[in-house]
Every structure is written in structure tokens, then in C-alpha cells.
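User: I'd like to learn how to read a model like this one. Can you walk me through it, feature by feature?

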Amino acid sequence: MAMAGNAIGLGNFLRFPVQAASNGGGAFMIPYFVAFLVVGIPMMWVEWSIGRYGGKHGHGTTPGILYRLWQHPAAKYIGVLGIAAPVAFAMYYSYVQSWTLAYSFFSLTGKYFGISTQAEMGAFLNSFNGTTESSYFSGIATAYTFFLINLGIVFWVLVRGVVRGIETLAKFAMPMLLIFAIILVVRVLTLGTPDPEFPERSVMAGFAWIWNPDLSLLSEASVWLAAAGQIFFSLGIGIGSMQCYASYVRAKQDVALTGLTTSMSNGFAEVVLGSSIAIPVAVAFFGVTATEAIATGGSFDLGFQSMPLIFQQLPLGEFIGTLWFGLLFFAGITSTVALTQPPMAFLQDEMGWPRKKAAMAVISFLFIFGNFIVFNIEHGVIDEFDFWIGTVGLVVFSFLEIIIFAWIFGMDKAWAEITEGAAIRIPRIFYYMIKYVTPVSLGILLIVWTYQAGFDLLLLRNANPEDIPYLLLTRGIILGCILIGLFLVRRVSKSWAEVPSQN
């Protein structure tokens with residue numbers, strides 16, 4: 001359940017609809033399913049296996065884990081991405097997570113009830129974030145208050161630990177989230193055409209847009225990269241959390257069936273439920289063109305503009321909206337804690353810090369740099385973080401991981417590690433997929449994307465001039481996280497060669 005909590009969260013119900021809507025609807029689903037089969041499931045097994053392997057040898061974070069797989073200085077420094085990236089990830093993810101807590105309160109009080117158009121709902125969200133002025137909020141104070149409350153709750157969970165904190169939340173939040181998602185899907189299916197004056201705006205038009213692909217978009221590497229990034233984002237792979245959690249399991253405990261069920265439960269939540277709520281509702285109320293425009297405006301905006309509308313169409317809408325956003329908040333906490341677990345484990349295990357001190361350091365880091373995001377959101381800093389960390393960074397780190405595991409550590413030993421204690425028989429074809437297909441696919445994807453769009457994005461050729469300083473500072477923060485990680489790993493790794501193997 002903790003691993004499901006790591007996987008199922010804001011990415012399934014808020015980020016996935018935006019990624020699908022901004023990358024051609026149905027055109028996005030083809031590379032999404034390809035990435036799920038060719039990259040997602042194999043990488044899930046890879047990360048579970050190397051995490052368990054690292055735990056056997058006294059390491060719970062990727063610098064030490066990768067160094068055990070390949071005893072070369074480069075391995076531990078590559079592993080820095082597995083503690084720096086989740087911290088940068090959590091900086092913006094935790095702020096978006098605080099929105100769900102705020103919207104749960106807004107649902108309970110009926111604050112957005114009576115808003116019936118996309119423009120008004122967008123103004124409500126923008127006013128809440130402090131990017132525009134309106135009669136709904138007087139400034140950023142409300143959003144900032146929920147940001148602080150959220151950090152306080154995350155700190156409380158971190159101090160309680162994996163079992164008393166994360167597991168308790170996951171056991172409650174995951175089943176309830178899925179139950180309410182199913183209820184909302186049923187209501188979406190019966191919504192029909194909300195405005196008879198616009199017959200083209202209907203729930204079925206929304207489903208048709210998702211599942212009828214524009215095949216011409218499949219030649220764009222950015223669509224494939226977005227699909228792969230979404231797989232990694234929602235599954236929680238390529239970030240360092242999976243390996244950290246897997247390091248806690250017993251030496252011969254199954255990782256094959258557990259990895260597969262984690263992947264499939266996440267896929268069900270995302271594809272069956274996530275794609276059946278926000279996008280059809282948005283198309284039914286706004287139309288396809290407006291839905292695309294909302295999606296391109298922000299990585300998480302679509303869910304906060306479309307979901308409040310459906311709650312107003314339900315009996316006891318205030319109550320259901322409160323529970324829905326509240327459960328998303330709890331699901332988001334399990335994901336946020338998963339993101340903070342690698343730096344927590346590194347500070348505790350490698351540097352010997354007590355849990356409370358480590359939790360205080362991590363939360364202080366999120367608070368300091370979270371303020372940069374809170375007060376500069378109108379300059380696209382969340383999207384910049386989300387692109388370089390939540391898309392490109394996940395693919396790059398996964399590519400490096402699988403090269404070390406399958407080629408340097410050796411595929412025969414890697415396969416033995418994956419299948420040890422397995423509760424299911426993994427088809428032999430995945431041996432070759434992990435060794436050849438997955439790394440080649442990731443490598444080709446990165447090369448083609450870099451050629452088609454990478455340089456334009458790296459050089460900010462299409463960015464608004466007034467946003468460029470903030471986007472560069474965002475990249476500086478990401479780079480700073482990596483440099484701090486390199487310094488700390490260099491400091492603590494001097495003793496790793498003396499650590500005996502723990503079988």
C-alpha cells in the first residue's frame with residue numbers, strides 16, 4: 001500500500017489529464033502504452049531489484065546502491081541524481097499538494113460554488129495563487145497559509161516514520177481515493193451535454209478526443225518524451241524513491257509480483273479512472289479547444305478548473321468535493337513523503353543524523369525554496385521544474401540506471417536478482433527487453449528529442465523575455481541541489497569501500 005501510495009497520487013488525476021490534453025489527446029495514449037510496456041514495467045522491476053540489492057549491502061539510497069553495482073567513482077556520483085532530484089521534485093509537488101487541501105476547504109465552505117464558466121474558474125485559481133487580482137481572494141495569504149500547513153503535516157509524517165506515518169496514511173487514503181474516483185466516473189458518464197446550446201461539448205466528445213488519435217503527432221519526439229515522463233512520474237520510477245523503499249524489504253522477498261501489481265494498480269487509476277474524469281468533464285463544459293488551452297497553461301491546472309464544476313452537478317456536492325480533494329491531499333502526502341525519503345535515508349544512514357534532525361533539514365529546504373515557487377508561479381517556474389525534473393530528469397536517470405544494472409553489473413546477475421524469490425514467473429522475453437529494448441528506446445528518445453526540440457528549450461528560445469531570469473534561477477536551484485549532493489556523497493563515500501557485504 002505504501003508503494004501504491006508512492007505511485008497513485010496527483011500525477012494520475014491532475015498531471016495525466018494535462019499531459020494527455022496538451023499532447024494531442026488520443027495521440028498521447030499510443031506512446032503512453034508503449035512506454036508502459038517497454039519502459040515502465042521493466043524499470044519497475046529494475047528499481048525494485050537494485051533497491052533490494054542495495055539493502056542487502058547496507059545502502060538505502062542510489063549513490064551507495066549504484067556504487068555496489070559498479071564500484072567506480074562515477075557510479076556514486078550518478079546516484080546523486082537519486083537524492084537531489086526528489087528534493088527538487090518535492091519543492092513544487094508539495095506546493096501543488098497544498099492546493100488540494102485548500103480546495104477541500106473551499107468545497108466544504110462552498111467558496112467556488114456558483115462559478116459555472118471556465119473563465120471564472122480559471123480566475124478563481126489564478127487569484128488563489130496570487131497571479132491575478134479578483135474578488136475571490138485579496139492576495140497570496142490564503143495559498144501561503146495552506147502551503148505552511150501542508151509542510152507541517154509532511155514534517156509530522158516524516159518524524160513518525162515509514163510504518164507509523166506513511167503506512168497509516170496509505171491504508172486509509174488509497175482505498176477511499178479509488179472508491180470516490182469510481183463514483184465520479186459514474187457521474188461523468190451520466191453527465192451528457194451540460195449546455196444544449198453547444199451540442200459538440202459533451203462527455204462523449206471528450207472520450208472521443210482521448211481515444212481517437214491524430215497519428216501525425218506520433219512523429220514528434222516531444223509527445224513520446226511526455227508519455228515516457230508521465231509513466232515515470234506516476235509510477236515513481238527514475239527519481240530514487242522506489243529504490244529507497246525497496247531497500248527495506250528482506251533479502252529474498254518477492255519484487256516481481258509486487259512490482260507488477262504496483263504498476264497495474266497505478267495504470268488502472270491513471271488510464272481507467274484518471275482519463276475518465278477531468279478531460280471528459282472539461283470538454284463537456286469548455287470544448288476541446290479551450291481544454292487544450294487550459295492544459296498548455298499549467299501542468300496541474302486542468303483538474304482544479306474542471307473538477308469543481310462536476311461537484312456542483314452532484315447531490316451533496318460540497319461533501320463529495322471535500323472528500324475528493326481531501327483524499328487527493330492524503331494521496332499526495334504519501335507521494336511527497338516518498339520523494340523526501342531518499343534524502344531522509346541518506347542523512348540518517350550515511351551521515352548518522354537522527355530522524356527528527358533529518359526531517360527538520362528536509363522540510364527547511366522545501367520551505368526556503370518553496371517560497372521561490374509560491375511567489376513566482378506566474379513566471380512558469382512550476383512548469384520549468386516539472387519539465388526538467390518530472391520529465392527529462394526521470395528519463396535520463398532511468399537510462400543511466402539500466403545501463404549500470406544490465407550492462408556493467410551484468411544482465412545474468414541482474415536477471416538472477418530480479419527473479420530471486422519471485423512469486424510469479426517473469427517471461428524470459430523481459431531479459432532481452434531490459435538488456436536491449438528499454439535502454440535503446442530511452443537512448444533514441446533522448447537523442448531524437450534533443451534534435452527536434454531540446455536545444456530550443458535549453459536555450460529558452462520560445463520563452464517570454466520577462467520570465468527568462470526566473471526560469472534560469474529555477475535551473476540554478478536544480479543544479480544547486482545536485483552540487484550539494486555531490487559534495488555530501490564525496491564526503492561520506494570515503495568509508496564505503498570498508499563496509500562489509502551484508503547477505
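Predicted model: local features only at pLDDT ≥ 70, side-chain atom pairs only at ≥ 80, totals over all residues.

User: What is Phe-311 in contact with, once neighbours within four places in sequence are left aside?

Analyst: Its contacts are Tyr-112, Phe-113, Leu-184, Gly-317, Ile-320, Gly-321, Trp-324 and Phe-325.

User: Several of those sit in one helix, I guess. How do I read a helix pair?

Analyst: Two packed helices are described by the angle between their axes and the distance between those axes. Here, helix 15 (residues 301-311) and helix 16 (residues 317-350) have axes that come within 8 Å and cross at roughly 145°.

User: Which residues of helix 15 and helix 16 meet?

Analyst: Helix 15 brings Phe-304, Met-307, Pro-308 and Phe-311, and helix 16 answers with Gly-317, Ile-320, Gly-321, Trp-324 and Phe-325. Sorted by class, this contact holds seven nonpolar, two polar and no charged residues.

User: There's a spacing in those numbers. What's the general idea?

Analyst: An α-helix has 3.6 residues a turn, so residues three or four places apart point the same way. Now look back at the helix 15 list, with Phe-304, Met-307, Pro-308 and Phe-311 among the residues that meet helix 16.

User: At what angle do helix 2 and helix 6 pack?

Analyst: Helix 2 (residues 10-22) packs on helix 6 (residues 81-109) at about 95°, and their axes are 12 Å apart. Angles of 65 to 115 degrees count as roughly perpendicular, so helix 2 is roughly perpendicular to helix 6. Leu-10, Gly-11 and Leu-14 of helix 2 meet Tyr-93, Val-96, Gln-97 and Thr-100 of helix 6. That contact splits into four nonpolar, three polar and no charged residues.

User: And how do helix 19 and helix 20 cross?

Analyst: The axes of helix 19 (residues 411-419) and helix 20 (residues 429-458) come within 11 Å and cross at roughly 125°. That makes helix 19 oblique to helix 20. The crossing of helix 19 past helix 20 is right-handed. On the helix 19 side the contact uses Met-411, Asp-412, Trp-415 and Ile-418, and on the helix 20 side Phe-430, Tyr-431, Ile-434 and Lys-435. By class, that gives six nonpolar, no polar and two charged residues.

User: OK, on to the backbone. How do I read a phi angle?

Analyst: Most residues other than glycine have a negative phi. Leu-460 has a phi near 55°, which is positive in a residue other than glycine. You'll find Leu-460 in the loop between helix 20 and helix 21 (468-492).

User: Is Leu-460 buried or exposed?

Analyst: Buried: its relative accessible area is 12%, and the cut-off for buried is under 20%.

User: Which glycine just after helix 13 takes a positive phi?

Analyst: That's Gly-287, at about 95°. Helix 13 itself is mostly covered, with nine of its nine residues buried. They include Ala-278, Pro-280 and Phe-286.

User: Where does Ser-276 lie?

Analyst: Ser-276 is in the loop between helix 12 (256-273) and helix 13 (278-286). It counts as buried, at 9% relative accessibility. Leaving aside neighbours within four places in sequence, Ser-276 is in contact with Val-185, Val-188, Phe-207 and Val-271.

User: What does Gly-40 touch beyond its sequence neighbours?

Analyst: Not counting residues up to four places away, Gly-40 touches Ala-35, Ile-231, Leu-235 and Ile-237. Gly-40 is in helix 3 (residues 26-56) and is buried at 0% relative accessibility.

Definitions and conventions. Residues numbered from 1 in each chain as written. Heavy atoms only, no water. Contact = heavy atoms within 4.5 Å. Axes fitted to C-alpha atoms, helices over the stretch in contact; angles between N-to-C directions. Helix = DSSP H or I, 4+ residues; strand = E, 2+ residues; numbered from the N terminus. Parallel < 35°, antiparallel > 145°, perpendicular 65-115°, else oblique. Left-handed = near helix turned anticlockwise from the far one by under 90°. Nonpolar A, V, L, I, M, F, W, Y, C, P; charged D, E, K, R; others polar. Buried < 20%, exposed > 50% of the residue type's maximum accessible area, 1.4 Å probe, protein only.
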